[in-house]
Amino acid sequence: SAALGACKGTAKLRARESRRGDAPAGVARNDHATYLNEGGLRCRLGDRLELSAGRELLQWGSSFFLSPSNPFIIDTGKTNPIQQLPGKDLWQAQWSGDGGVTFAVIRNGRQNGQETDPRNFSPTSAVKVDWMGEQASAGAIVSRRDNGVRRLGLYGTLPLSKAALVYTDLSAGRGNAGWFAERDAGPLGWRLAQSKLDGDGTLFYSLLAGAAYTFESGWTLTSEYLRGNEGYDRAERQAYNSAAGSAARAFRAMDGGSGAAAALLGGALSPNLPYLGRDYLFLQLARNEWNDKGDAALRYVRPLGGGGEGALWSGSLTYYLSNHIQGFLVASRNVGGERSDFGRLIHSSVQAGLRMTY
């Protein structure tokens, strides 16, 4: 970082190097990249106005599972302590008012190169207002994507006592940029289309309600329920599964040589939906700053409707082995078949390593 007068510049640079021991023929064993994950220029004009431009991770609210009110990134990044979410390229003007109120105008004009599938990106403009009280907080954001998708997002947190709090995070609006399976006369029999961009008068919504309680032992139990219609209903889910299955069979039969099959299969892996189903339950039992050295959490996610099935169990542990070295362990187990919400890609995984800080 560097500062000059009322302006400050920051850069969070990243370099990545990885090697696969089981890479199949035609796939590179080594992968490397250098990039800017977050950073930019921020300048204050007077006591209340601040202008910024750069790459940043703009998040808010108390939810863990998802943040529906956020039109830039719905993933909170809180369910994996070693996950690094990609920053968004943002231009922002923020004005601080009286009584803890802040207004902001935001534009996400281009895609970060670390984000996947450029077909799913659309420039987004938003106006946001936040209120921060002594304990409670709330906010609203109105956004519009250049592809026509419009949303009103609301969020709020209210402590009930020193140990309990409730919160909500929701969005509602017109248009859905997801990819939906449709019958096609081609050899695969299916295609994916953004058939709900105009919404056809449908009000799309996502509502997350959450509560947390901290016990005297220091452990916190968090429960969240997500309900919405931005994912697939049961019939749409069946069509999606059929399209993905058709593409997978064609891809295997031609040993990856079918461009149409590869495109359809890739689209099915990333359908540009905030979630696949309609209802989800999220539970978490967590202990932070355990003996001032470690954080531990056990999490459970289960789809409840929209043709979803299976469940996700995951746990994480981080612990400072010294003042400069932190060990971590993240494990997950997906219960469900190849058509379940979580087991369709990965059945189980374990990540372990060391994080060194100087």
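A salt bridge here is a side-chain nitrogen of Lys or Arg within 4 Å of a carboxyl oxygen of Asp or Glu. The model is predicted, so to speak, from end to end: local features need pLDDT of at least 70, side-chain atom pairs count only at pLDDT 80 or more, and totals for chains, interfaces and linings use all residues. Residues are numbered from 1 along each chain as its sequence is written, and side-chain values rest on heavy atoms, with hydrogens and water left out.

Under that rule, the count comes to 16 salt bridges. One of them pairs Lys-12 with Glu-38, at 4.0 Å from N to O. This pair ties together distant parts of the chain, 26 residues apart: Lys-12 sits in strand β2 (residues 7-19) and Glu-38 in strand β3 (residues 30-45). Strands are DSSP runs of E, at least two residues long, numbered from the N terminus. As for exposure, buried means under 20% relative accessible area, exposed over 50%, and partly exposed in between (1.4 Å probe, protein chains only). Glu-38 counts as buried because its relative accessibility is 19%, while Lys-12, at 42%, counts as partly exposed.

Lys-128 and Asp-130 make another salt bridge, with 2.5 Å from N to O. Here Lys-128 is buried at 8% relative accessibility, and Asp-130 is buried too, at 17%.

Then there is Glu-182 with Arg-191, whose side chains meet at 2.7 Å, N to O. Glu-182 comes out as partly exposed, with a relative accessible area of 25%, and Arg-191 is partly exposed at 38%. Elsewhere, salt bridges with shared partners join Arg-42, Arg-44, Glu-50 and Glu-56 into one network.

Technical notes:
Helix = DSSP H or I, 4+ residues; strand = E, 2+ residues; numbered from the N terminus.
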